[in-house]
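Please look through the sequence and the model below before reading on.

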Amino acid sequence: MRSYLVRRLWQSAVTLAGVSVLVFVILRVIPGDPAKMLLPEGAPQSAVEELNRQLGLRQPLYVQYGIFLRSVFRGDFGQSFQYRSPALQVVVERLPATLQLTLAAMLLTVAFGVSIGIVAAVRQGTGYDYAGTALAVLGQSLPNFWLGIMLILLFGVTLRWLPTSGFQGWRYLVLPSITLAAFPTALVARLTRSSMLEILSRDYIRTGRAKGLTERIVVLRHALKNATIPVLTVIGLQIGTLLGGAVITESVFAWPGMGKLVVDAIFFRDFPVVQTILILSATVFVLINLLVDVLYTVLDPRIRYT
């Protein structure tokens, strides 16, 4: 297990290094000059050149990347071009809003996705199964931005039950979290159903029922535990989907999180802020997947890593 963890940590470090190179190069080759975005319209070319020199953007790419990498190891992600303050500080200020949205969406995904999948599998061929399957298909078919706008029009504008934008309490969290959780909930529900159907047909499940165990114990204690491993893999991968999907959801609901920040930063060519968000997101994604791999051994003691 120890050698496996060391190998995974090494692979994670290589992955993060690759992400940093990819993000750095892509941001430098896309069209657009940060200096022109920051200076007033019609600023002379000499002022543009001078600002680019001050920002260090006239040096060769490998020199810029070396400076960036050394700064990151010191915990310094550079100065935001747009906000004129440390990029890490700008991102950290927006982090709580995104974490609240992502955690709420993940809770909805696990609670409703797993529950719908279990009910659909246990009641296979009934109305519950068809309803669960229909909901799952809808959740995977509807685009996030369309669903968000429809929820705003229905619950915010027509019924006036919930606020449509902003971030001032739990009521503001309802519509964005439902929008963000729609796709992963549908995916988890479908996977849980198929995994549960496979487990429920095993001999040891029939043996448990023949011994007189209640259906609740058979399903929740014996079937669900073994059906959880593939579901857990998908839930871990969905963390990245939720962080990525938050960009659209936060824009639709004017949610003051990292998603809206990265959209604004890309528009203003604020390289340090974009790099900070993407590298932090990649780090969270890699660590969560490492944690999921470790949890496999807890759920199924037969799994051993070498």
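Which hand does the crossing of α6 and α8 have, left or right? The crossing of these two helices is left-handed, a term used when the near helix is turned anticlockwise from the far one by less than a right angle, with right-handed used if it is turned clockwise. This is a predicted model, in which local features need pLDDT of at least 70 and side-chain atom pairs count only at pLDDT 80 or more, whereas totals for chains, interfaces and linings use all residues. Residues are numbered from 1 along each chain as its sequence is written, and side-chain values use heavy atoms, with hydrogens and water left out.

Two packed helices are described by the angle between their axes and the distance between the axes. Helix α6 (residues 127–141) packs against α8 at an angle of about 140°, and their axes are 7 Å apart; the axes are lines fitted to C-alpha atoms over the stretch in contact, and angles run from 0 to 180 degrees between N-to-C directions. Because of that angle, α6 is oblique to α8, given that angles under 35 degrees count as roughly parallel, over 145 as roughly antiparallel, 65 to 115 as roughly perpendicular and the rest as oblique. The contact (heavy atoms within 4.5 Å) involves residues including Ala-136 and Val-137 of α6 and Phe-183 and Leu-187 of α8. Its residues divide into 6 nonpolar, 3 polar and 3 charged, where Ala, Val, Leu, Ile, Met, Phe, Trp, Tyr, Cys and Pro count as nonpolar, Asp, Glu, Lys and Arg as charged, and the others, Gly among them, as polar.

Helix α8 also holds Thr-179, which counts as buried because its relative accessibility is 1% (buried means under 20% relative accessible area, exposed over 50%, partly exposed in between, with a 1.4 Å probe and protein chains only). Leaving aside residues up to four places away in sequence, Thr-179 touches Asn-144, Leu-147, Gly-148, Leu-151, Thr-249 and Phe-253.

As for the whole protein, there are 12 helices and 0 strands, helices (H or I, at least four residues) and strands (E, at least two) being DSSP runs numbered from the N terminus. Buried residues make up 40% of its 306 residues. The mean pLDDT, the predictor's confidence in each residue from 0 to 100, is 83 for the protein; confidence is lowest in helix α2 (residues 34–38), at a mean of 71, and highest in helix α8 (residues 171–200), at 90.
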